[in-house]
Amino acid sequence: MRAPIGFRISNRRKSLRISQAALARLVGISPSYLNLIENNKRDVGGALLNRIAAQLSIDIDDLAGRAEQKLLQDLEEAFADPMLESLPFQPDERREIVAQYPASAAALARLHRAYAAARSNADAFADRLRSDPLLSQLLHQVLSGITAIRSSAEILADVPDLGEAERARFVAAISREAVGLTDVARNLIGQFDVSSQYQRGISPAREIDDMIIERQNYFPALETVAESLRAEVDRAGPFGVATLTDLLAGRFGVRIHVGGPAPEPGYPGHYRFDARQRSMWFHGATTLATRQFQLARLFSELVARDAVEHELAASHIETATARRLAARALGSYLAGAIVLPYDRVLADAERCRYDIDYLRQHYNASFEQVAHRLVTLRRPGAEGVPFGFLRSDPAGRLTKHFPLPGLLLPNSGHACPLWAIYGAFRQPDMIVRQAVRFSDGSRYLFIARTTQRRPAAFREPMVPSSVMLACDVLHADRTVYGVGLDLTDHSADVLVGPSCRLCTRHDCPARQEEALSPAGTVPGLRGPLVAAQRPLGEPA
Amino acid sequence: MAIDILIAEDEPSILESLDFILSRAGWTISSVSDGEAALVAVKRLQPRMLVLDVMLPRRSGFDVLKQLRSEAATRTLPVLILTAKGQQQDRRIAEELGADGFVTKPYANAEVVGAVRDLLGDDAGAA
């Protein structure tokens, strides 16, 4: 079987005329182990893969076959569907499909994604029909109208000695009700017309994820635009809310209002730009970091709207919702690049060892804004420490994710309950860090912290989110977060997986869900106390 | 002055037809079009039975029924419920609250007359 990584390592090594023994020595493993890796008898990832890539002077993405890894992950997710549970998969089947028949693998992944989206759409529709107040009201009106018409019509038909006045009355009633029903029918049909625009296979969030992953979260064109916009602001004064305010007022006649009533009663957002009135409103409780960021965004949208449009056009995003969300994401990217200019941030980050709190203070930015920016420091030749990024809501739902090559983050839904991203909710506003190890041996440093908006009223529920950065343990000593953790002591690692469904740690005490592959279920766990007689043919 | 039937229904056309067919069947009728008025009218007019629509403004039909059943004077007042949407659910609730009969919209006029006759007995005069 042609193995993606092993084959490439072997190929590259031979083309550089390095012997297996020599390479093995350089990366600190035995030649026989390297041989197993090259024949794909052992997985390789994390720090070891980094060292091999370094020794072979090859980009880690090329070596790891990033596209194939993504495909493999997508396939894993598809095959984790409960409906495929009882199928007798071979041990390495998914990896083989990806290696031998990449197009079919892609087809399977795509089909599953479409099916999952369709299923969730159907659920959403059913819910909507059941509970939509407008539909329910319209249906009631239909029933009333028909009841009245039927009753009146029966009277006209069945009562032999109906007086003229009475006949006229009931005929009028029928007329009246029929007109009313016509309106209701139009309304009802209109409702369904709107709903039917909901087709599409993929959720908008997923579409945007794909776009960002494809571009590896680095948009050189936007970076260039950001540089020139930042230079413009710098020319007008020291960078900050005051200068941005003056600039916006001077060039565009935009006035900023902080505090006071919202532009519309009940408006749930914390800021809003009114193009007609040329006024930008901020909720009184917004932080300085938020105001600075949004003013930078406003500036970029007024000056350089084409930049984002151009990127959107280059992407494959089609649905209106996805375009709107993508425009916002790219606009945020641009704003982030203005507030946190690339070269300066990279230099400062290296100097302060990626201390996010230091960078926050220095740039008047929020934790999430800085974390975001660190992930995007991927200019070829001038990269920062490679980070992955995840954000979760308190329900455990992942709402934003930028992957790290080699670290397979779940695409959607939830992740392993042991991850720091969830632990952070238990220690709000404090940075929580952990060294984790996946079952393939790869090790990462996870850094997580909750973030939240300040509430506007006593009754407004505070919904924090949790943001997590992840980097290979190999890079952890370049960060301040690796200090104090003994990263060389593997026994201190927290043993984790991507999510219970996909995780192969059958003996994990924190397991919440059955794994895809039932093989290796620990006796005594997750079943009755007295083991049932196992029928023939069931896997051990 | 006691009347035979009090109708609580807010749709005017439906009310008109109900009034017509029940009067025609020989019963004396009075009507109200919201829940609060229904409770007041039951006390004042002391009807022999109540035809009660579920969807009423001010207080829902179920609310009215619950209130009536909680007072000694009206605990045994025969109540006919007119249900509309979500039929299983409404029927179950009406039963639990102590309704004596139901008719589901849209109905045939004969159904209503029949149901009333069941609750009042035959002594209302010929149809």
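Q: Where does A:Asp429 sit?
A: In the loop between α20 (420-426) and β8 (432-437) of chain A. Helices (H or I, at least four residues) and strands (E, at least two) are DSSP runs, numbered from the N terminus. This is a predicted model: local features need pLDDT of at least 70, side-chain atom pairs count only at pLDDT 80 or more, and totals for chains, interfaces and linings use all residues. Residues are numbered from 1 along each chain as its sequence is written, with chains lettered from A and ligands numbered from 1 in the order in which they are written.

Q: What is phi of A:Asp429 near?
A: Near 65°, a positive value in a residue other than glycine.

Q: Is A:Asp429 buried or exposed?
A: A:Asp429 counts as exposed because it has 11 C-beta neighbours inside 10 Å. The cut-offs: buried means 20 or more other C-beta atoms within 10 Å of its own, exposed 12 or fewer, partly exposed in between, with C-beta atoms placed from the backbone.

Q: Now chain B. Where is B:Arg58?
A: In the loop between β3 (49-53) and α3 (61-69) of chain B. B:Arg58 is partly exposed, with 14 other C-beta atoms within 10 Å.

Q: Which residues does the cis peptide bond join?
A: B:Lys105 and B:Pro106, with omega about -10°. B:Pro106 lies in the loop between β5 (101-104) and α5 (109-120) of chain B.

Q: And the contact, how many residues from each chain?
A: Chain A gives 16 residues and chain B gives 15. Contact means C-beta atoms, placed from the backbone, within 7 Å. On the side of chain A that touches chain B, the largest share, 13 residues, comes from α9(A).

Key
Contact = placed C-beta atoms within 7 Å.
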